[in-house]
Amino acid sequence: MALPNAAERTQSDLAHLIHPLYHPTDHQEPRIWVEGRGALMKDINGVEVIDGLGGLWNVNIGHGRRELGEAAMQQMNTLAYCSSYTGASNLPAIELAERLSRVVYPSINTFFFTSGGAESTESSFKTARFYWKTQGKPDKVKIISRLLGYHGVTMAAMSATGMPDYWKMFEPRVPNFVHIASPYPYRFAAGDASTSQGVAAANLLEEAIRREGPDTVGAFIAEPVQGAGGVIVPQDDYFRRIREICNKYDVLLISDEVITGFGRTGTWFGLEHWGVEPDIMQFAKGITSGYVPLGGIGVSDKIKEAMDSTPPEQRWMHAYTYSGHPTCCAVALANLKIIEEESLVQRAAEMGNRLLEGLHTLDAMPAVGEVRGLGMMAAVELVADKATKQEFPSAAKVGARVQREMNQRGLYTRVRGEVICLAPPLVTTAEQIDRIVDILREAIPAAVQG
Ligand SMILES: Cc1ncc(COP(=O)(O)O)c(C=O)c1O
């Protein structure tokens, strides 16, 4: 099949399309993707690269799986859409919720579906407020989140997201959102030697709850492994201490599993690594491997009980047209079938180890400050000075340069500041994993010296 003319399509893109995080200076030569297969993607010029971020941390089963297209076609030809508002339901949504109850944390057995991550964040926040109102604590409305946390960019989600760049041109933020520092083992400096770093980082939550007043704090939201903030894997004792603090002060723990869900970290869901259960978990991305938009939240049995026992006039008055979308749920079911039948959760753990071990062979490079990761999420943080962990001056544009060097060698991924983020599809082959490492081995010195 003849590929369309790249220059002409780029002109049309520039004239008519607004992209996420848009600015024209970064968009004069957009990479126009036309095809994907496994961990590979091909652009409009026929150039094939490894998709180092699995789309946007979401294409867990890899590109080009016909089963998902067939599931969508079959459902669309049968019943593409119907309302799921109270009083109505549909077969794929029922089956998906039941299926999720078997793989999600034991105390979470009921689910509400959305169309993506930010809608899920909004749903979690509203559910937390709802829950406390049903418990006679209507003032527990504040949400605490972490700097470098990412929860989407609708207004409330943006207010929880801990990256000021996302706020700047949209201020003021929604009131009643509070941030604490993230655990960030590479850079977090604990206050005193008697406490581990993980506990010290978690104790920042206790301090914030006390400062704000426990009667005003409804929930704490956190990604088990921070993704967009630079693949920050917390200390092993961090989330256990977080859970204790949430219990002590009656604060709901919301686990944002939009990236970490569905096998990405080598377990079905992220907090399993530390034996911790949240009160609300939210998901998106990997539930359909990005083939169609779908997200949602799961709530603990105690929250479901509150929903069931509230009088009708105080119901959970929250809704989306596309909640429980039959076609999206059918695609999710086909996706989960592949994850289960091909043991992709286990594969993420194994291939993730291979990736991390490979990346550790770069440790000795002068610009490599830290290599870190969990399952199929990994990062290489570049620094100007290893001893002081000093970052490169932003004028040096090392992040952009390393991105270009990786692109030229056949690896496409995102770089946050000078942190190279990796989250390839869970089906990435051993050879492709090794190739990713080899590309970084060449691209990092080329970028730093250049
Ligand atoms: C952890 C997390 N939460 C929420 C979101 C927002 O999802 P969406 O872009 O689908 O709104 C993202 C997106 O990257 C995410 O990584």
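User: A polar contact is a pair of N or O atoms within 3.5 Å of each other. How far from a nitrogen atom of the ligand does a backbone N or O atom of Y150 lie?

Analyst: The model is predicted, and the distance is computed from its atoms. Since the cut-off for a polar contact between N or O atoms is 3.5 Å, the pair formed by the backbone of Y150 and a ligand nitrogen counts as one, at a separation of 3.4 Å.

User: What percentage of the area that the ligand exposes when taken alone does the protein bury?

Analyst: Besides Y150, whose backbone lies 3.4 Å from a ligand nitrogen, a backbone N or O atom of G117 lies 2.8 Å from a ligand oxygen, and a polar backbone atom of A118 is 2.8 Å from an oxygen atom of the ligand. Taken alone, the ligand exposes 390 Å², and the part of this that the protein buries is 79%.

User: How many residues of the shell around the ligand are charged?

Analyst: The residues around the ligand include G116, H151, G152, E223, D256, V258, I259 and K285. When the shell is divided by class, four of its residues are nonpolar and four are polar, while the number that are charged is three.

User: Which strands stand at the edges of the open sheet of seven strands, and why is one side of each left without a neighbour?

Analyst: The seven strands form an open sheet of mixed pairing, in the order β4-β10-β9-β8-β7-β5-β6. Each edge strand has a single partner strand, so one side of each lacks a neighbour in the sheet, and these strands are β4 (108-114) and β6 (177-180).

User: Which residue of β6 is the bridge partner of I144?

Analyst: Strand β5, residues 142-146, runs parallel to β6 and is joined to it by four bridges. In β6, the residue that is the bridge partner of I144 is V178.

User: At about what angle to β4 does helix α4 run?

Analyst: Helix α4, which comprises residues 91-103, lies across β4 and also across β9 (280-283).

User: In the open sheet of four strands, which residue of β2 is the bridge partner of E35?

Analyst: This sheet has the order β1-β2-β3-β13 with mixed pairing, and its edge strands, β1 (33-37) and β13 (411-412), each pair on one side only. β1 pairs with β2 (residues 40-43) in the antiparallel sense over four bridges. In β2, the bridge partner of E35 is K42.

Definitions and conventions
Residues numbered from 1 in each chain as written. Predicted model: local features only at pLDDT ≥ 70, side-chain atom pairs only at ≥ 80, totals over all residues. Heavy atoms only, no water. Near = heavy atom within 4 Å. Polar contact = N/O pair within 3.5 Å; in protein donor to acceptor, adjacent residues only side chain to side chain. Areas by Shrake-Rupley, 256 points an atom, 1.4 Å probe, with all protein chains shown as cover. Nonpolar A, V, L, I, M, F, W, Y, C, P; charged D, E, K, R; others polar. Pairing = 2+ DSSP bridges. Helix = DSSP H or I, 4+ residues; strand = E, 2+ residues; numbered from the N terminus. Contact = heavy atoms within 4.5 Å. Axes fitted to C-alpha atoms, helices over the stretch in contact; angles between N-to-C directions.
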